[in-house]
Amino acid sequence: MRRLVQALGVILPNAYYKAFTGVIFYQGSLKAFCAPVLNCYACPLAVSSCPIGSLQHFLVIRSFPFYLVGFLGIVGASVGTLTCGWLCPFGALQEMMYKVRSFKVKIPRPLRYLRYASLVLLVGLLPLITGEHWFSQLCPQGGLEAGVPLALFSSQIRALLGNLFILKLSILGGFLFLFIISKRPFCLTFCPLGAIFSLFNRFSLLHLRVRDGVCDECELCVDPCPAGIVPYREVDSKDCVRCWECVRRCPRGAIQPQMLKFWNFERSGSREPARPTIPLESKGDQAEGTQ
Amino acid sequence: MKKVLPILLLCLFLSFFLLGIRFGDVTEVLLNATLLCLHCIGIG
């Protein structure tokens, strides 16, 4: 199901198929709307705007981005990082590339704060001070979706490419390598959009809960987690991308999506009961009995 | 409080969103997006 939605997340914001017939770039009214994912609006196929690119533009022209703050706030306060786990094309790419067999490394926890630095510096302060789109200049998603295809198919664009394109390609290459060896490295260390949505994870309408007494910490949910967290301990963590793999993988249905604490999405079907826990005294009794 | 906060946040951001539409931010987003973003491509 999630793979299907992720495929829609790739196809729907990139549905301008006239680009294949030589009309290089969509300029219609749909671009007034932002997709709640990191999808480059300079991509020849893109039909919607990038919220981060638009946010930088407002800061460059020194105008408060009411529309974008409102849009990102509505998405964040409703579902938190759900769009990262279910819709984002770059997130889907990272998950697919992680399946390539290689050595794997875990991203150290302190590095996960870098995305907030990326948000504050590259999207906020530097565009405001210098009048340049700093994040867009470094964004590997822009390089992948816009830079590479346009460099390949447009001789006019190719003639304009310089050092910035080489830097962008290097960043993209570095991240593509990291995608193979670690779980969602871009989301966890660099993505400013994920950083914004993650701030809402604890307060959003939709969130996850661990059902009391049902989870027996079997850790079946830990390995499939694309954010590399321990879901039953950090259920509404800011690092969670809300893919709900933990919900799907838990044999006891211990982790459940919930809307506003009183509307549960309990899955139907039989569930194994939680393993009975043995009180400490009786454990001692058993040990004595066996001797 | 935890039940009310998301609704308050939603109302706050909805008002920002509507203010943005009122102030013509949508047109600004459209204008910005219809110009090819050279930074995204790597031209600068």
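**Entry 1. The interface**

How much area is buried between chain B and chain A? I looked this up in a predicted model, in which local features need pLDDT of at least 70, side-chain atom pairs count only at pLDDT 80 or more, and totals for chains, interfaces and linings use all residues. Residues are numbered from 1 along each chain as its sequence is written, chains are lettered from A and ligands numbered from 1 in the order in which they are written, and side-chain values use heavy atoms, with hydrogens and water left out.

I found about 3500 Å² buried between the two chains, chain B and chain A, and carbon and sulfur atoms give 78% of this area. Buried area is the accessible area (1.4 Å probe) that two parts lose on being put together, summed over both. I noted that the size of an interface is often given in this way, as the accessible area lost when the parts come together.

I listed the residues in contact (heavy atoms within 4.5 Å). Chain B gives 32 residues and chain A gives 51 residues.

Between chain B and chain A I recorded 10 residue pairs in polar contact, both residues at pLDDT 80 or more.

Three helices of chain B, namely H1 (4–22), H2 (25–34) and H3 (38–41), each supply at least two residues of the side that touches chain A. The largest share of that side, 12 residues, comes from H1(B).

**Entry 2. Chain B**

I counted 3 helices and 0 strands in chain B, and from the N terminus on its elements run α-α-α. Helices (H or I, at least four residues) and strands (E, at least two) are DSSP runs, numbered from the N terminus. The C-alpha atoms of chain B fill a box of roughly 50 × 25 × 10 Å along the principal axes.

Of the 44 residues of chain B, 39% count as buried. Buried means under 20% relative accessible area, exposed over 50%, and partly exposed in between (1.4 Å probe, protein chains only).

**Entry 3. Chain A**

Chain A has 14 helices and 3 strands, and 54% of its 291 residues count as buried. Its mean pLDDT is 86, and 89% of its residues reach 70 or more; pLDDT is the predictor's confidence in each residue, from 0 to 100. Over residues 268–291 of chain A the pLDDT is below 50, and this stretch has 13 contacts in the model beyond near neighbours in sequence.

I asked how many residues of helix H5 (residues 89–98) of chain A are buried. The count is 7 of its 10 residues, and the helix is mostly covered. Among the buried residues of H5(A) are Phe90(A), Gln94(A) and Met97(A). What covers the buried residues of H5(A) includes helices H1 (2–11), H8 (140–153), H10 (163–181) and H11 (185–189) of chain A.

I placed Leu208(A) in strand S1 (residues 206–210) of chain A. Leu208(A) counts as buried because its relative accessibility is 3%. Leu208(A) and Ile255(A) are 47 residues apart in sequence, yet 6.6 Å apart in space, C-alpha to C-alpha. Leaving aside neighbours within four places in sequence, Leu208(A) is in contact with residues including Val235(A), Trp244(A) and Ile255(A).

I found Ser237(A) in the loop between S1 and helix H13 (245–249) of chain A. Is Ser237(A) buried or exposed? Ser237(A) is buried, with a relative accessible area of 7%. Not counting residues up to four places away in sequence, Ser237(A) touches Asn201(A), Arg202(A) and Ile229(A).

Glu217(A) is found in the loop between S1 and H13, and its phi is near 55 degrees, a positive value in a residue other than glycine. Glu217(A) counts as partly exposed, at 48% relative accessibility. Trp244(A) lies in the loop between S1 and H13 of chain A, and its phi is near 65 degrees, again positive in a residue other than glycine.

Key: Polar contact = N/O pair within 3.5 Å; in protein donor to acceptor, adjacent residues only side chain to side chain.
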